[in-house]
Amino acid sequence: MADLKDKVAIVTGASAGIGRAPAKLFAPAGAKVVVAARRKTEPDSLVREIAGEGGDALALAGDVSDEAFAKELVERAEQSYGRLDVGFSTMPAYSANRGRPRAFRSKAGTELSMSI
């Protein structure tokens, strides 16, 4: 894993599997992680795990296909950590069918989200 020291990453779908795994990898590599999922308990549990391993994370519950929630994610990352460097989205069907939420673009207009 690349050195992510002092980087800030948003990871969506972080309640399980393909979303949870990168969040758990980014944190030990030095990133501050904002995790999001539709269910509240799973991202809260992930934040406790990351903190227990010396990482820094915060959780938000909501549906990232909702533009207002996507914007809130970016705003919380910037308010809490002062920046946003990485957006990792686990929503390939959403991205392929309807495009990525506009909120995942940096202020310069660079696309930050990544779908797999």
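Q: What makes a residue of this predicted model buried or exposed?
A: A residue is called buried if its relative accessible area is under 20%, and exposed if that area is over 50%. In helix 3, A68 and Q79 are exposed, so each has a relative accessible area over 50%.

Q: Which residues of helix 3 are buried, and how do you know that they are on the same side?
A: The buried residues are F69, A70, L73, V74, A77 and Y81. They cover an arc of only 145° around the axis, and therefore lie on the same side of helix 3. A68 and Q79 are on the other side. In general, residues three or four places apart point the same way, because an α-helix has 3.6 residues a turn. Strand 1, strand 2 and strand 3 are among the elements that cover the buried residues of helix 3.

Q: How do you know that the span of helix 3 agrees with 1.5 Å a residue?
A: The 15 residues of helix 3 (residues 67–81) should span 21 Å, and the end C-alpha atoms are 21 Å apart, so the two values agree.

Q: What makes D66 a cap of helix 3?
A: A side-chain oxygen of D66 lies 3.1 Å from the backbone nitrogen of A68, at the N-terminal end of helix 3. The cut-off for a polar contact is 3.5 Å, so this pair is within it.

Q: Why are strand 1 and strand 2 called paired?
A: Pairing needs at least two bridges. Five bridges join strand 1 (residues 8–12) to strand 2, so these parallel strands pair. Within this pairing, I10 stands opposite V34.

Technical notes. Residues are numbered from 1 along each chain as its sequence is written. This is a predicted model: local features need pLDDT of at least 70, side-chain atom pairs count only at pLDDT 80 or more; totals for chains, interfaces and linings use all residues. Side-chain values use heavy atoms; hydrogens and water are left out. Helices (H or I, at least four residues) and strands (E, at least two) are DSSP runs, numbered from the N terminus. The expected span of a helix is 1.5 Å times one less than its number of residues. Buried means under 20% relative accessible area, exposed over 50%, partly exposed in between (1.4 Å probe, protein chains only). The arc is that of the directions from the helix axis to the C-beta atoms. Contact means heavy atoms within 4.5 Å. A polar contact is a pair of N or O atoms within 3.5 Å; within protein, one must be able to donate a hydrogen and the other to accept it, and residues adjacent in sequence count only if both atoms are side-chain atoms.
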